Amino acid sequence: MDELRRAVFLDRDGVLNPQAYYAERDELDSPLATEDLRVYEGVAPCLKRLRDAGYLLVVVTNQPAYAKQKTTADDLTAVREAFLARFRELGVEFDLYLSCRHHPQSAIPELRQSCDCRKPMPGMLLRAARELAIDLRSSWIVGDRDTDIWAGEKAGCTTVLVRSLEQGHNGHSNPDYRCGDLAEACELILGARSR
Ligand SMILES: [Mg+2]
Ligand SMILES: [Zn+2]
């Protein structure tokens, strides 16, 4: 039998890159344009260590801003490409990048769905597991919202909640672990592996 493939599922906004602040709405949100994107300091070396320890790296991100008509589909795609390019410059290639652009109340008919990919549903994790032959039980998810934790739980992963800059999106889930940031989560995951 093939060796089990382990993954770390990574929420994007708030874990790998900070949310952007939009003064006109007084709101933190996903970066809606490439100039609003920056990546967290120190994240790339953590991801490389996870990779070196044998973990696949899979981004799983809800991106409903176009469904909510806060930005365009092209801008969302541009931010994704800028994100991937930035990490490539830093020496990190993700094994898979999955996003859900749906929203159940979208005014755009093709995006108005109660889909199974939007976290807290586990669809993106299940899809990645099928595509990359990932053993979910020996995989982890790191996120900054309850919805990340619930998606991970439903998929059978070990869950890590990192501290969020946002208000009101967590406090109701029961993560297996809580960490300050991805660097701390990385230490935890690597330590668990060697136990
Ligand atoms: Mg997040
Ligand atoms: Zn979806």
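Predicted model: local features only at pLDDT ≥ 70, side-chain atom pairs only at ≥ 80, totals over all residues.
Biologist: Which protein atoms are the donors of the zinc ion (ligand 2)?

Modeller: In this model the donors are the SG atoms of Cys100, Cys115 and Cys117 together with ND1 of His102, and they lie 2.0 to 2.3 Å from the zinc ion. Along the chain these donors follow the spacing C-x1-H-x12-C-x1-C. One pair among them, His102 and Cys117, is 15 residues apart and links distant parts of the chain, although each of the two sits in the loop between strand 5 (96-100) and helix 3 (123-132).

Biologist: What geometry does the site of the zinc ion (ligand 2) have?

Modeller: The general idea is that the ideal angle for four tetrahedral donors at a metal is 109.5 degrees. Here the angles among the 4 donor atoms run from 100 to 121 degrees, and the site is tetrahedral.

Biologist: Are His102 and Cys117 buried or exposed?

Modeller: A residue counts as buried when its relative accessible area is under 20%. His102 is buried because its value is 17%, and Cys117, with a value of 16%, is likewise buried.

Biologist: Where does Thr71 lie, and what does its side chain reach?

Modeller: Thr71 belongs to the loop between strand 4 (55-62) and helix 2 (73-89), and its relative accessibility of 11% means that it counts as buried. Its side chain reaches the backbone oxygen of Leu32 at 3.3 Å, and, leaving aside residues up to four places away in sequence, Thr71 touches Leu32, Ala65, Tyr66 and Leu76.

Conventions: Residues numbered from 1 in each chain as written. Chains lettered and ligands numbered in written order. Heavy atoms only, no water. Donors = N, O, S within 2.8 Å, 3.2 Å for Na, K, Ca; no water. Tetrahedral: all angles 85-135°; square planar, octahedral: opposite > 155°, others 65-115°. Helix = DSSP H or I, 4+ residues; strand = E, 2+ residues; numbered from the N terminus. Buried < 20%, exposed > 50% of the residue type's maximum accessible area, 1.4 Å probe, protein only. Polar contact = N/O pair within 3.5 Å; in protein donor to acceptor, adjacent residues only side chain to side chain. Contact = heavy atoms within 4.5 Å.
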